[in-house]
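Please look over the following model slowly, and keep the points below beside it as you turn it. They are grouped by topic.

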Amino acid sequence: MTRYEARILVGGRIRVLHVPAADEAGARAAVSHHGRVISIRRESGGFTWLAVSLTRSERYILMIRLAAMIDSKVGVAEALRRLSETFGGAVRRVSGKLVDAIEVGDDLATAFERLPLAFPAPVVALVRAGCAGGNTPKALRDAAAFEQEIAEIERHSSFSLISALFNFFLAMVIMLGTSQFLDPMLRGTELFRSAGEAVDTAAMMALADTATLAVMVFSSVLIAMIALATIGRRLAPVTCDRLISRVPFYRQIVQGRDCFITLYKMSLLVRSGVAMDAVLSLVGDAMSPGAMRRDLADARLLVKAGRPWSEAMRMLPPVDRASLMAAEDRAEIARTLNALALQHKDLYIHGLSVMVPVLKSVSVIFIGIAGVVLFGLTVMPMFQVTTFIARH
C-alpha cells in the first residue's frame, strides 16, 4: 500500500498526516473528515514508514506510558501526541506515525501492525486480543510484561545455542584435524618411523573416531531440529507442527509461545462476550499457517455442528482438551483458557531454561574430549619417542 502525505487545514493551522492508501482518492477520503484538504502528495521512499524501529526498552516505555494515559481517560490519539511531544528519538517518531494511523481510522493494534520493526507480531497479537476484550490499558501492560519476561530468556538462549553449535563445530574440527592430519604428519617423520611400535596411539584414535562420530550426529540432530522449527514450519507448516508435537520437550520450546498467545487471545475474547464461533474465526484468521490454525478451523466446524469444539484441538495435550470439555459455561471456559495459556507460557520458559545448561554441558564435554585427543595424538607420541630414544 502506498504512503501519501496529506496537508489539511484544522482550526487555522496546517497539519500533515501520513496516510496508507491504494490511491490518491483513497488518501483524500481518509483525511477529509479531519479538516479542509489542501494537498495530497505521494511520498517518495516507501520504506521510510517500515524503517522506524524501537528497542525493547523503548517499546516497553511507550506501551506502559500509553497504558497509564489511557487509564486516565486520555484519548488514544491525544496520548500518543503527548508521547511524541515528551520524548525524543525513536519513541517520538513512532508515536507520531501512530497518531497519523489512529487519526485516519486505524485502531491501536492495526496502527502497531503497520510498524513491524517497532512492534513484533506477538506484541501486536496480544494487544489486539486485549483491545477486543475491551481493556486496552491492560492489553498494553500484559504485552509489555510478556515481552520483558520472555526477551532476556530468549536472548540468553539464542546466545547459548550459537555458542554450543560453535563448540560442537570446533570440537569436530580439532578431532578430525588431529586424527586425519596431525597424527599422519607426525608418523611420517623419520624420527617417528624409527620408533616403530613404541609409538602406540590406537586407543586414542579409537576415542577420536568415536567422539567425532558422536559430535557429528549430535550437531546434525540439533541443526535438523532448528531447521524443522524455522524453515520447515514455513515450507510445510502443518506437517512440521505434527512432527514437532510428538517430541514432548522439544514441542514446549518450539510451540509453547504460540500456544500461549493463541489461548490467551481466546480467553480474552470469550470473557468479553464474543460468540465461540467468532472467537475461533478471529483467532484462527490472525494466525500463521500451521496445525494450530487448522485445529481452530476444524473447531469452528464442530461448533456449527453443535459438538464440543475442544475435540478438534489436537495440538493441545489430552489433559488440556479434557479441561476445556469440563468447562460448563463461558466464564469457566475463559478461566480455563487463561489457565492453560499461563501453563504453556511457564512450560516454554522452563524448556528454554533447561535447554541452556544442557547444551553448555554437552558442548563443554566435547571440547574437553577434543583437548584429550589433541594431547593424546601429538604430545603423548612425542613422549613415547623420547622414551624410546633414551632407552636405545
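The buried residues of helix H10 are covered by parts that include H9, H11 and helix H13 (291–304), where contact means heavy atoms within 4.5 Å. In helix H10 (residues 237–245) the buried residues are Pro 237, Cys 240, Asp 241, Ile 244 and Ser 245; buried means under 20% relative accessible area, exposed over 50%, and partly exposed in between, with a 1.4 Å probe and protein chains only. Because these buried residues fall within an arc of 135° when seen down the axis of H10, they line one face of the helix, the arc being that of the directions from the helix axis to the C-beta atoms.

This is a predicted model, in which local features need pLDDT of at least 70 and side-chain atom pairs count only at pLDDT 80 or more, while totals for chains, interfaces and linings use all residues. Residues are numbered from 1 along each chain as its sequence is written, and side-chain values use heavy atoms, with hydrogens and water left out. Helices (H or I, at least four residues) and strands (E, at least two) are DSSP runs, numbered from the N terminus.

- In helix H14 (residues 318–326), Asp 320, Arg 321 and Leu 324 are the buried residues, and they lie on the same side of H14 because they cover an arc of only 100° around the axis.
- Pro 318, Val 319 and Ala 326 are exposed on the other side of H14, while the cover over the buried residues of H14 includes helix H15 (330–391).
- His 344 has its place in helix H15, and it counts as buried because its relative accessibility is 7%.
- Leaving aside residues up to four places away in sequence, His 344 touches Gly 256, Cys 259, Phe 260, Leu 263, Leu 316, Pro 317 and Asp 320.

**Aromatic pairs**

- Five aromatic pairs are found in a search of the whole structure; rings of Phe, Tyr and Trp (its six-membered ring) pair if their centres lie within 6.5 Å, and planes under 30 degrees apart count as stacked, over 60 as edge-to-face and the rest as tilted.
- One of the pairs joins Phe 168 and Phe 218 edge-to-face, with 5.1 Å centre to centre and 65° between the planes.
- This pair links distant parts of the chain, since Phe 168 lies in helix H7 (residues 136–187) and Phe 218 in helix H9, 50 residues apart.
- Phe 168 counts as buried at 0% relative accessibility, whereas Phe 218, at 32%, counts as partly exposed.
- Phe 260 and Tyr 264 form a stacked pair, 5.6 Å centre to centre and with 25° between the planes, and both residues are buried.
- Because Phe 260 and Tyr 264 are four residues apart in helix H11 (residues 248–271), about one helical turn separates them.
- Ring pairs also link Phe 168, Phe 218 and Phe 366 into a cluster.

**Salt bridges**

- Twelve salt bridges are found in a search of the whole structure, a salt bridge being a side-chain nitrogen of Lys or Arg within 4 Å of a carboxyl oxygen of Asp or Glu.
- Lys 138 and Asp 142 meet through their side chains in a salt bridge (2.7 Å, N to O), and both lie in helix H7, four residues apart, about one turn of the helix.
- Lys 138 is partly exposed, with a relative accessible area of 40%, and Asp 142 is partly exposed as well, with 25%.
- Asp 277 forms a salt bridge with Arg 300, in which the closest N and O atoms are 2.9 Å apart.
- Because Asp 277 lies in helix H12 (residues 276–285) and Arg 300 in helix H13, this pair ties together parts that are 23 residues apart in sequence.
- Arg 294 and Asp 295 meet in a salt bridge (2.8 Å, N to O), and both of these residues are buried.
- A network of salt bridges links Arg 294, Asp 295, Asp 298 and Arg 314.

**A loop residue**

- Lys 73 is placed in the loop between helix H2 (56–71) and helix H3 (76–86), and it counts as exposed at 77% relative accessibility.
- The phi of Lys 73 is near 70°, a positive value in a residue other than glycine.
- Most residues other than glycine have a negative phi.
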